[in-house]
Amino acid sequence: MGSTSCTPVIDLQNIPSQSDELILACEQWGCFRIINHPIPATLMSEMKTVVRSLLDLPPEIKRRNTDVIAGSGYVAPTKINPLYEGLGLYDVGSTEAVLEFCSQLDASPPERDTILRYSQAVHDLAMELGSKIAESMGLGKDLFKGWTCQFRINKYSFTPASVGSSGVQIHTDSGFLTILQDDENVGGLEVMDKKSGEFVSVDPMPGALLVNLGDIATVWSNGRFYNVKHRVQCKEATTRLSIALFMLGPKEAAVEAPPKLVDTEHPRLYDPVVFEEYRKLRLSTGMRAGEALSLLSPSKH
C-alpha cells in the first residue's frame, strides 16, 4: 500500500466527465493529484530554483519575512520540528503583498519575476479548482471569489541521523485546499487513509501537483469532504523542498455550508466560522489535526 497508485489522479482538462471522480476524491481521500494543469513545467522548475536560493539566505534576512497573521511569515527550526523551516507570503492574490515578500528577502529582478509569475499562476489555479469543485456539486462557480490564499515554501534538512523520524508532525491543513508542488526527487509525504486510518506514502509524480483538503473544506461541505491528516517522514539524508499554496477562506465573512448541502437528512454540522477565528482556535488549543472542528458543532451551545 506504499505506492502512488492509490492517490486519485484528476485530469484537469477532463473535468466535466471526471466531476464524479473529483468529488469522490474529496470525500474519500481528501487529496488527489492533478495533471494537465496550466502551470508550465519550466515555471515550476524555475520556481524550485528560486525557493532553494531563498531558503539558503542568511537567517537575519529570512527573519525579515514577518507574520501578517499568526504563523504566516518565516518559521525557523524548533524543538518540535528541528528539521523544518519555511518562508511565507500571506495574500498571494495581491501583487503588492508579493512584491513586499520579494523586497523582504532581497530577491533579484529575475527571481522577483519568477515569484510573480508563479504566484499568479498558482492563485489562478486555486480559484479554477474551487470553481470546478463547486460546479461538480451543482453549485455556483464563483463561491470562492476573493478568498485569501497564502504561500508557504518549505525546506526539510534531513540528516543520516534523522532517517526514519518525522520531518513535520501529523496535522491537517486549516484552510479549504492546498496545492502542493512537492519535491519530485525526494519522497516522504504520507497521508492517512480514511478507511484504515493507516498512513500511505504519496510518491513523487513529476509535473503533477498534489491537492489536499483542509478543515475549512469539511465545514463548507457540511462534513462531506475529508480533511486529510498528513505528515512528512524522513526517508533519506537529503534536503527536501516543497511549495504550497493554501486557499484559506474569505477575509472577513464566515464560512458555512451552502443551503443546498443542508437538509433534514444532513443537518448543519458546524456553526459558521471566520477563518482567522478558526485558525486562532487551532493555535490556542494546540489541536492541529482537525480536532478543533468538534468545537464548532451546534450542539456545543
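The chain of this predicted model contains seven helices and 13 strands.

**Overall dimensions**

A compact globule of 301 residues would have a radius of gyration near 19 Å, and the 18 Å of the chain agrees with that expectation. Along the principal axes, the C-alpha atoms fill a box of roughly 55 × 45 × 40 Å. Of the 301 residues, 56% are buried. Among contacts with a separation of 6 or more, 77% are between residues 24 or more positions apart. The accessible surface amounts to about 13000 Å², and carbon and sulfur atoms account for 53% of this area. As for charge, there are 29 positive and 37 negative side chains, and the centres of these two sets lie 4 Å apart.

**Strand S3 and Asp91**

Strand S3 spans residues 84-90, and seven of its seven residues are buried. In a regular strand, side chains alternate between the two faces of the sheet. In S3 both faces are covered: one side carries Tyr84, Gly86, Gly88 and Tyr90, the other Glu85, Leu87 and Leu89, and all of these are buried. The strand pairs with S4 (residues 148-157) in the antiparallel sense, over seven bridges. Within this pairing, Gly86 stands opposite Asn154 of S4.

Asp91 lies in the loop that leads from S3 to helix H4 (95-104). Although Asp91 is not a glycine, its phi is positive, at about 70°. Asp91 counts as buried because its relative accessible area is 16%, below the 20% cut-off.

**Asn36**

A second residue that is not a glycine but has a positive phi is Asn36, with a value of about 55°. Asn36 occupies the loop between strand S2 (31-35) and helix H2 (41-55). Its relative accessibility is 39%, so Asn36 is classed as partly exposed.

**Strand S6 and Ser174**

Strand S6 covers residues 177-181, and five of its five residues are buried. Leu177, Ile179 and Gln181 are on one face and Thr178 and Leu180 on the other, so that both faces are covered. S6 has antiparallel pairings with two strands: four bridges connect S6 with S9 (residues 209-213), and five bridges join S6 to S11 (residues 239-249). On the S9 side, Leu210 is opposite Leu180; on the S11 side, Phe246 is the bridge partner of Thr178.

Ser174 is located in the loop between strand S5 (166-171) and S6. With a relative accessible area of 13%, Ser174 is buried. Apart from residues up to four places away in sequence, Ser174 touches Asp215, Ile216, Phe275, Tyr278, Arg279 and Arg282.

**Comparison of the antiparallel pairings**

| Strand | Partner strand | Bridges |
|---|---|---|
| S3 | S4 (residues 148-157) | seven bridges |
| S6 | S9 (residues 209-213) | four bridges |
| S6 | S11 (residues 239-249) | five bridges |

**Summary**

The radius of gyration of 18 Å agrees with the value for a compact globule. Strands S3 and S6 are mostly covered.

Notes
Residues are numbered from 1 along each chain as its sequence is written. This is a predicted model: local features need pLDDT of at least 70, side-chain atom pairs count only at pLDDT 80 or more; totals for chains, interfaces and linings use all residues. Side-chain values use heavy atoms; hydrogens and water are left out. The radius of gyration is taken over C-alpha atoms; the globule rule is 2.2 Å times the number of residues to the power 0.38. Buried means under 20% relative accessible area, exposed over 50%, partly exposed in between (1.4 Å probe, protein chains only). Contact means heavy atoms within 4.5 Å. Accessible areas come from the Shrake-Rupley method with a 1.4 Å probe; for residues, only the protein chains shown count as cover. Lys and Arg count as positive and Asp and Glu as negative; His and the chain ends are not counted. The place of a charge is taken as NZ of Lys, CZ of Arg, CG of Asp or CD of Glu. Two strands pair if DSSP finds at least two bridges between them.
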